[in-house]
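Welcome! Please take a moment to look over the sequence and the model, and then we can walk through them together.

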Amino acid sequence: MNPSVQSQAIKALTTVRGLHWNDSGQAALTGELARYADRLDRAFARWAASLGAEPLLPPPCLPPGVPERCGYLSSFPHHATMAVPVADDDGEDPVRSLLTPAACYHVYPTLEDSHLNRPVFLTLRATCFRNEDVFLPLERQWSFSMREVVCVGADEDVSRFLETARKTASAWCEILGVPIRLDRATDPFFDPASSPGWLMQRLLPLKTELLSDGLAIGSFNSHQSFFGETFSIRVCGQPAWTGCAAFGLERWLLALIRRHGPDACGWPDPETLA
Amino acid sequence: MMTASTRLMKLRDWVRGQAGPVDDDSPLLESRLINSLQLVELVLLIEELTGRPIRPDQLLPASFRSIRTIYENFLGGQSRPEEGA
């Protein structure tokens with residue numbers, strides 16, 4: 001991105017009350033903006049609870065070994081941020097813990113080697129870290145808040161859940177006066193010219209994004225049986241399928257700012273969502 | 001010039017060589033009969049059989065769903081490949 005475009009984007013958000021941006025790619029929220037973000041997240045969590053989702057409180061890092069098993073470090077090494085102690089003299093490699101890149105990675109290890117006889121839903125909010133070339137307030141941050149709802153079940157359970165999640169989130173956006181469209185997505189990491197992963201994502205769409213003015217404020221992802229097989233999670237004797245609905249809280253705030261202006265006091269009430 | 005039914009036969013042979021005994025309606029990608037590397041080879045095979053590159057706007061999930069849909073969308077096949085083969 002052109003540096004002047006970046007600085008203009010940052011300048012445009014200086015009028016947003018309660019947004020405290022740091023060029024390291026992090027934002028602190030205060031006042032009504034912070035309260036609104038919390039109320040919005042609680043609406044997401046209430047919807048998750050209505051599906052029977054159990055809460056999960058995650059640690060900041062994925063346990064050592066989990067990123068490798070999930071394929072994260074081989075697929076997205078450029079986004080990774082490791083947590084490393086300054087002093088670590090036990091002789092072991094200190095670079096072991098990955099700061100959470102996406103909330104749902106915390107779910108699958110908690111279900112390792114389990115045999116389920118019905119679909120299970122979990123919900124969690126995590127501070128996620130993604131390294132990027134350019135950071136923009138609320139839009140592309142090094143650290144941001146992600147609320148996820150995860151379904152672990154048979155393939156039809158996951159398909160049904162993702163369909164419900166897409167419809168529910170679309171209805172929320174209508175209530176909030178935020179125009180959106182749903183579009184299937186490919187990870188930009190995959191280079192169309194050279195990557196077989198890109199072609200597979202294009203022809204077998206497992207990820208749908210909720211886009212507001214081109215900004216992905218949510219995504220709905222089917223992992224098929226990948227995590228079920230990786231973590232030996234079985235449902236009725238078969239490897240579990242998993243799917244997640246993910247909502248980036250800061251991006252929802254940005255979409256609301258774009259539609260309703262910088263003062264969260266005048267925005268539609270998120271209590272009416274769920 | 002290869003006929004549509006010859007192209008279909010070559011497609012079937014290739015898919016079955018990769019994935020084992022599958023029928024013309026087996027979902028190739030959803031059922032993971034074809035992995036991402038094999039998918040690239042499949043696209044190259046289709047281009048070889050037709051003598052034409054596949055355009056980006058032709059990369060649609062519905063077209064690549066099964067042997068039948070590939071036949072209908074790329075290899076000049078009509079709607080009933082079993083009968084024409």
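## Chain B at a glance

How many helices and strands are there in chain B? Chain B has 4 helices and 0 strands, where helices (H or I, at least four residues) and strands (E, at least two) are DSSP runs numbered from the N terminus.

This is a predicted model, in which local features need pLDDT of at least 70, side-chain atom pairs count only at pLDDT 80 or more, and totals for chains, interfaces and linings use all residues. Residues are numbered from 1 along each chain as its sequence is written, while chains are lettered from A and ligands numbered from 1 in the order in which they are written.

## Overall form

Along the principal axes, the C-alpha atoms of chain B fill a box of roughly 30 × 30 × 20 Å.

## Two helices that meet

In chain B, helix α1 (residues 4-19) and helix α3 (residues 67-74) have axes that come within 11 Å and cross at roughly 145°. Here axes are lines fitted to C-alpha atoms, for helices over the stretch in contact, and angles run from 0 to 180 degrees between N-to-C directions.

From α1(B), Leu8(B), Leu11(B), Arg12(B) and Val15(B) meet Ile67(B), Ile70(B) and Tyr71(B) of α3(B); contact means C-beta atoms, placed from the backbone, within 7 Å. These residues divide into 6 nonpolar, no polar and 1 charged (nonpolar: Ala, Val, Leu, Ile, Met, Phe, Trp, Tyr, Cys and Pro; charged: Asp, Glu, Lys and Arg; polar: the others, Gly among them).

## Where the chains touch

Finally, 8 residues of chain A are in contact with 10 residues of chain B. On the chain A side, they divide into 6 nonpolar, 1 polar and 1 charged.

Key: Contact = placed C-beta atoms within 7 Å.
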